[in-house]
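Colleague: Please take a close look at the aromatic pairs in this model. Then follow them into whatever surrounds them.

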Amino acid sequence: MSDQTSESALSETTLDSAAVFDGKLLHVRRDTVRLPNGHNTVREYIRHPGAALIVPKLDDGRLILERQFRYPNRTVFIEFPAGKLDPGEAPLVTAQRELREETGYEAVRWRTLGKIHPLPAYSDETIYLFAAEGLTLRETRHDDDEFLELITMTPAEIAAAIARGDITDAKTLCAFSLWLAGVGDQ
């Protein structure tokens, strides 16, 4: 058996697609697909517009995070600033907008850390990850339905919070790991 299976040998072909639910943010689909072995099956998944996340670094080395209540889990999470892409908006533009809206900061330097697919088994969401430096405080402009508390932490404090289980948000964990590793364009 080859270590490299061709993509076509793993791909599924859409035979039929139907909307199950169309919400304000999420859209649920149910597709009938043909598997590589010729059998048919059903795939249910969530369509998501995508998002951008920012690792904002202050001049003193501390990183800006947010404490925000997340309704599905009924708890407050510690996360890096992030937000969804608007239709036709480039991920970097989203990151710049979200940094300004959520934290009040603008950045001079941006670095692309990459992208992640947080739930590929049942969502098409892509989250684009960026690092921002050279921050200047302007003013925050939170959305009317957005309530959050800004906090700052050193990288060591973030690592300790992760080790304690205080930071469990997957996109934040991935972005912090990539940022620590110095991944991305310089």
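Modeller: Two aromatic pairs are present in this predicted model. Take tryptophan 110 and phenylalanine 130. Their ring centres are 6.4 Å apart and their planes stand at 80°, so this pair is edge-to-face. Tryptophan 110 belongs to strand β8 and phenylalanine 130 to strand β9, so the contact ties together parts that are 20 residues apart in sequence. Phenylalanine 130 has 6% relative accessibility and therefore counts as buried.

Now the other pair, phenylalanine 176 with tryptophan 179. Here the ring centres are 6.2 Å apart and the planes are at 20°, so the pair is stacked. Both residues sit in helix α3, which covers residues 170-180. They are three residues apart, about one turn of the helix. An α-helix has 3.6 residues a turn, so residues three or four places apart point the same way. Phenylalanine 176 and tryptophan 179 are both buried.

Phenylalanine 176 leads on to phenylalanine 80. Not counting residues up to four places away in sequence, phenylalanine 80 touches Phe176 and Ala175, and also Leu53, Val55 and Ile158, among others. The largest nonpolar core has 21 residues. Within this core, Leu53, Val55, Phe80 and Ile158 touch the most other members. Two or more residues come from each of β4, β5, β8, β9, β10, α2 and α3. A second, separate core holds 12 residues, including Leu58, Ala107, Ala132 and Leu135.

Strands β8 and β9 also meet helix α1. The buried residues of α1 pack against both of these strands, and against β4, β5, β7 and β10. Those buried residues include Ala95 and Leu99, but also Glu98, Arg100, Glu101 and Glu102. Helix α1 runs over residues 91-103 and has 13 residues. Its first and last C-alpha atoms are 18 Å apart, close to the 18 Å expected. Just after α1, glycine 104 adopts a positive phi of about 85°.

One more ring deserves a look. Arginine 74 lies over the face of tyrosine 71, at 3.8 Å from the ring centre. Arginine 74 is placed in the loop between β5 and β6. Its phi is positive, about 55°, although arginine 74 is not a glycine. Most residues other than glycine have a negative phi.

Definitions and conventions:
Residues numbered from 1 in each chain as written. Predicted model: local features only at pLDDT ≥ 70, side-chain atom pairs only at ≥ 80, totals over all residues. Heavy atoms only, no water. Helix = DSSP H or I, 4+ residues; strand = E, 2+ residues; numbered from the N terminus. Expected span 1.5 Å × (residues − 1). Buried < 20%, exposed > 50% of the residue type's maximum accessible area, 1.4 Å probe, protein only. Contact = heavy atoms within 4.5 Å. Phe/Tyr/Trp six-rings, centres within 6.5 Å; stacked < 30°, edge-to-face > 60°. Lys NZ or Arg CZ within 6 Å of the ring centre and 35° of its normal. Core = buried A, V, L, I, M, F, W, Y, C linked by side-chain atoms within 4.5 Å.
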